[in-house]
Amino acid sequence: MTELTNLTVAQIRDGHRAGDFSAVEVAEAFSANVAGAKALNAFIVETPEHALEAAKQADADRAAGTLKPLSGVPIGMKDLFCTNGVQTTAASHMLEGFIPRYESTVSQKLWDAGAGMLGKLNLDQFAMGSSNETSYFGNVISPWRRKDGGNAALAPGGSSGGSSTAIAARLCPAATGTDTGGSIRQPAAFTGISGIKPTYGRCSRWGIVAFASSLDQAGPMARDVRDCAIMLENMAGFDAKDATSLNLPVPNWEAALSSDLKGKTVGIPKEYRLEGIDPDIDAMWEAGIAMLKDAGAAVVEISLPHTKYALPAYYIIAPAEASSNLARYDGVRYGLRDLPAKDSSGGGAGLQDMYAATRAEGFGPEVKRRIMIGTYVLSAGFYDAYYTQAQKVRTLIARDFEQAFGSCDVILAPTAPSAAFGLGEKMADPLAMYLNDVFAVPASLAGLPAMSVPAALNREGLPLGLQIIGKAFDEQSVLNAGLALEERSGFTARAEKWW
Amino acid sequence: MSDYRIKGETGEWEVVIGLEVHAQITTNAKLFSGAATAFGAEPNTQVSLVDAAMPGMLPVPNRECIRQAVRTGMAIEAQINRWSRFDRKNYFYADLPQGYQISQLYHPLVGEGSITVEADEKAGIPEAKVIGVERIHVEQDAGKLMHDQHPTMSYVDLNRSGVALMEIVSKPDMRSPAEAGAYVRKLRAILRYVGSCDGNMEEGSMRADVNVSVRRPGDEFGTRTETKNVNSVRFVMAVIEGEAKRQVELIESGGTVVQETRLYDPDRNETRSMRSKEDAHDYRYFPDPDLLPLELDDEFLVECRESLPELPDAKRDRYLALGISPYNADVLTAEVEAARWFDTLLDAGAKPVAAANWVTSELFGALNRMGRDLTDSPVSPQQAAELLGLVADGTISGTIAKQVFEKMLESGDGAAEIVERDGLKQTSDTGAIEAEIAKILTANADKVEQYKGGKEALFGFFVGQTMKAMQGKANPQVVNELLKKALG
């Protein structure tokens with residue numbers, strides 16, 4: 001029998017249905033992998049009992065003939081999703097020990113579909129970061145290593161770095177991610193897996209710790225395109241509890257998967273051809289173009305003229321929203337409370353002292369940096385120069401895409417400008433870190449579906465990802481193009497186990 | 001024009017007043033959560049996960065709150081904005097779980113409208129005046145801090161957190177405490193007619209921020225102060241009076257008024273400074289990214305308009321057209337319950353003028369004595385209509401009607417039944433009346449002489465005697481006619 005932890009979601013689902021193995025065996029196999037991978041620090045909380053419980057139910061359901069779409073599939077849950085009775089921290093000290101008494105809509109849908117939870121996955125604190133180094137619970141380490149023989153620890157990408165690592169290291173077959181400005185796609189690219197950020201509003205944000213409300217979007221991360229489609233079908237759907245939720249039926253994406261791109265046109269944005277870009281990235285992009293042509297697609301050059309303003313606009317809008325969204329962490333009702341002792345003069349610590357101490361203690365440096373940027377850009381006298389301008393840029397970027405989609409169905413671009421970098425390499429320079437999201441951010445600002453699929457290894461032996469951006473609501477074309485790349489790239493590389 | 005002036009040492013000053021009234025929208029659920037809104041519940045029993053701002057919780061607008069605000073806007077003839085948006089007002093306080101209040105700064109739901117206050121000579125409002133309303137927007141209320149529960153800590157009650165408020169912002173159109181008082185009363189009446197707010201100022205479901213400045217008559221506006229959360233009409237008027245005087249004294253003694261927020265202390269009847277403009281918060285308003293813009297369609301707007309009841313001004317005009325006196329029309333339309341009661345009385349067939357007089361004097365007098373109000377009146381409009389009908393058709397006199405009404409209040413019996421049982425029907429039997437008149441004239445021959453000698457005032461005496469002899473049951477008109485004939 002093949003090793004169960006090497007199976008994809010579809011293979012586990014189908015094999016379990018066929019009676020090749022029990023769900024309990026699957027859950028136990030993955031839980032064993034999780035337990036044996038502490039060195040990767042992918043999980044903040046492990047919940048083998050939850051996975052086992054769901055597995056027993058799946059086995060019972062199989063016997064009763066009442067299998068559900070994800071029966072027998074254990075998954076990882078990014079620790080940004082509130083889970084009833086299980087600590088939810090957003091990788092912050094602020095929420096350390098916080099146990100919600102409610103379940104996020106997306107996680108509830110997955111449990112309802114029969115999935116089980118292996119644990120809560122590490123991430124950048126409040127999803128702010130591109131390397132997973134801002135987590136209060138320590139950085140995740142990528143399972144990948146450069147083939148130069150050095151053992152430099154590499155970043156798994158961020159913010160969904162626990163998710164990317166856990167999948168790449170076979171600790172779970174699939175996981176949830178969230179993407180605000182690339183947090184699903186960039187870590188997927190760094191670790192040689194797939195991930196899709198659907199159209200804004202496809203997945204309910206209810207119960208997901210908010211970073212930037214107008215950009216935050218949940219999506220799946222998995223080993224291949226089919227698994228992403230299966231997962232997304234069971235995460236998406238209208239939710240009356242989220243006013244920005246899309247009231248549209250959820251398509252049967254898996255059933256409609258097709259790598260035949262005849263009649264489709266792929267746009268190549270000329271503004272994404274950055275000066276001095278890594279030649280490996282460029283080569284992968286060229287290869288990707290050839291693969292899509294091979295799948296029957298026509299290829300045209302398109303222009304997204306406002307691309308260069310996307311990153312600055314993003315780093316105004318996202319921090320502005322974050323500065324307000326994170327105001328609720330004040331020590332009053334839940335989470336960390338740091339009440340300074342009375343001073344020597346006998347003066348009592350007041351409300352302001354509690355706020356200051358709690359937030360100073362509870363937030364990490366990157367979170368504080370973004371709260372301060374956001375507070376600054378929203379303040380009187382600067383609002384128009386920053387926030388209003390950024391919103392205008394956002395509108396222009398959305399219009400760029402609309403115009404481009406007049407002449408193409410999907411857009412192909414690199415996911416990130418480089419392969420995984422070493423842990424610590426960019427922490428001293430926030431701007432260099434932010435630049436990592438340069439290709440991911442425009443689709444986020446426009447609310448468009450976008451996916452990363454592994455396409456090649458660079459000369460250091462590290463995976464690189466190609467990004468497909470689609471029209472709003474057209475996840476199907478994105479998935480199909482992704483499948484065409486997946487079939488042709490023949491990407492089977494995986495990190496060798498060292499942990 | 002108001003001639004209200006503050007007489008300072010250096011001359012006269014005019015007062016300029018604008019009001020921001022916060023009115024709690026009458027709904028079962030909060031503005032963005034499904035939690036209940038009952039007043040006086042145990043602390044923290046009406047709090048949803050959204051109201052407590054738990055991680056990942058999201059606001060969803062409550063349609064009924066929007067509907068009530070739109071209906072209120074329509075009731076003051078205001079512009080209804082089909083496209084509006086919610087903004088976040090960011091500040092830290094323990095009664096504000098989200099760290100921001102969801103409000104509407106940039107694009108309010110309701111634009112300009114107006115409210116007319118009626119002339120009231122006695123109060124110093126010589127003629128009716130139109131007060132402009134700048135806007136109405138909807139927003140969340142905050143929770144409540146309790147400082148008296150623990151020696152060193154404050155407690156937080158979030159029951160009110162997230163409750164829907166309308167903020168109704170007037171233009172600086174008022175010029176006297178009386179005008180401001182009349183404006184608040186009229187606004188309250190409209191809200192209660194519409195049913196969008198219960199107007200209960202004691203329970204805090206309606207409260208006003210009072211903006212006051214002074215100037216030489218005709219000059220530019222002076223610097224204003226804002227006194228927060230004033231919760232009665234009387235206090236609003238007191239704040240204006242006190243604050244205007246304070247400002248005049250300050251300016252005349254060489255000082256300048258600073259733009260600041262003040263608090264009113266009803267016990268000492270004075271305001272004190274809370275914070276000046278320099279310490280004012282920078283609220284960092286920006287559009288709430290959790291909420292889409294609010295777009296109203298035709299169907300919604302039509303329903304809002306069609307569901308509006310007849311409003312105070314229209315009702316007053318209708319009463320005036322029926323011949324009811326302006327005073328009675330004002331009294332009957334001031335409170336929605338009275339107006340409804342009176343309309344039911346008219347529907348039951350009562351004659352308007354007589355009914356209005358009877359309600360404002362007899363009924364209100366009786367309720368006053370009993371310490372009751374219309375909502376628990378022992379007499380229903382139908383019963384009252386029956387009583388008034390008996391007077392109108394001559395079955396009983398006005399005097400007997402008072403007796404019958406007293407008996408109705410005591411027994412709860414119907415007017416006709418009482419009249420029948422107690423034999424109170426008035427008589428127009430000329431024979432019986434003539435017989436009594438003859439007796440009276442004979443017994444008072446001297447007075448008859450005086451009357452015939454020109455002392456016509458004695459006619460009333462003969463009427464009284466006759467009515468007395470008839471035990472009040474004689475038709476007064478018939479008595480008059482027969483007496484005139486007999487005294488020829």
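Colleague: Before we start, what counts as buried, exposed or partly exposed here?
Modeller: Buried means under 20% relative accessible area, exposed means over 50%, and partly exposed is in between. Keep in mind that this is a predicted model.

Colleague: Fine. Which class does A:Arg273 fall into, then?
Modeller: A:Arg273 has 37% relative accessibility, so it counts as partly exposed.

Colleague: And what does A:Arg273 form a salt bridge with?
Modeller: Its partner is A:Glu286, with the closest N and O atoms 3.3 Å apart. The pair links distant parts of the chain, 13 residues apart. A:Arg273 is in the loop between strand 7 (265–269) and helix 8 (279–294) of chain A, and A:Glu286 is in helix 8 of chain A.

Colleague: Is A:Glu286 buried or partly exposed?
Modeller: A:Glu286 is partly exposed, because its relative accessible area is 40%.

Colleague: How many salt bridges does the structure hold over all chains?
Modeller: The total over all chains is 62.

Colleague: Switching to chain B. What does B:Arg160 pair with?
Modeller: B:Arg160 forms a salt bridge with B:Asp141, and the closest N and O atoms are 3.3 Å apart. These two sit 19 residues apart: B:Arg160 in the loop between strand 9 (155–157) and strand 10 (164–170) of chain B, B:Asp141 in the loop between strand 7 (129–140) and strand 8 (144–146).

Colleague: Where do those two stand on accessibility?
Modeller: B:Arg160 is at 32%, so it counts as partly exposed. B:Asp141 has a relative accessible area of 7% and is therefore buried.

Colleague: What about B:Glu310 and B:Lys315?
Modeller: Their side chains meet in a salt bridge at 3.0 Å, N to O. B:Glu310 is partly exposed at 28%, while B:Lys315 counts as buried at 6%.

Colleague: Now the interface. How many residues does each chain put into the contact?
Modeller: Chain A gives 38 residues and chain B gives 32 residues. The buried area between chain A and chain B is about 2,800 Å², with 61% of that from carbon and sulfur atoms. On the chain A side, A:Tyr102, A:Ala243 and A:Arg328 lose the most area to chain B, together 20% of what that side buries.

Colleague: How many salt bridges across the interface of chain A and chain B?
Modeller: The rule finds 1. The side chains of B:Asp290 and A:Arg205 meet in a salt bridge at 3.0 Å, N to O. For polar contacts, the count between chain A and chain B is 17 residue pairs.

Colleague: Which element gives the most to the side of chain A that touches chain B?
Modeller: Helix 9 of chain A, with 5 residues. By class, that side of chain A has 21 nonpolar, 9 polar and 8 charged residues.

Colleague: Back to B:Asp290. Which residues are linked with it in a network of salt bridges?
Modeller: The network links A:Arg205, A:Asp242, B:Arg88 and B:Asp288 with B:Asp290.

Colleague: Where does B:Asp288 lie?
Modeller: B:Asp288 is in the loop between strand 15 (286–287) and strand 16 (294–295) of chain B. At 2% relative accessibility, it counts as buried.

Colleague: What does the side chain of B:Asp288 reach?
Modeller: It reaches the backbone nitrogen of B:Asp290 at 2.7 Å. The side chain of B:Asp288 also makes a polar contact with the side chain of B:Arg88 at 3.2 Å. Leaving aside neighbours within four places in sequence, the residues in contact with B:Asp288 include B:Phe86, B:Tyr100 and B:Ile102.

Note on methods
Residues numbered from 1 in each chain as written. Chains lettered and ligands numbered in written order. Predicted model: local features only at pLDDT ≥ 70, side-chain atom pairs only at ≥ 80, totals over all residues. Heavy atoms only, no water. Contact = heavy atoms within 4.5 Å. Buried area = accessible area lost by both parts, 1.4 Å probe. Salt bridge = Lys/Arg side-chain N within 4 Å of Asp/Glu carboxyl O. Polar contact = N/O pair within 3.5 Å; in protein donor to acceptor, adjacent residues only side chain to side chain. Helix = DSSP H or I, 4+ residues; strand = E, 2+ residues; numbered from the N terminus. Nonpolar A, V, L, I, M, F, W, Y, C, P; charged D, E, K, R; others polar. Buried < 20%, exposed > 50% of the residue type's maximum accessible area, 1.4 Å probe, protein only.
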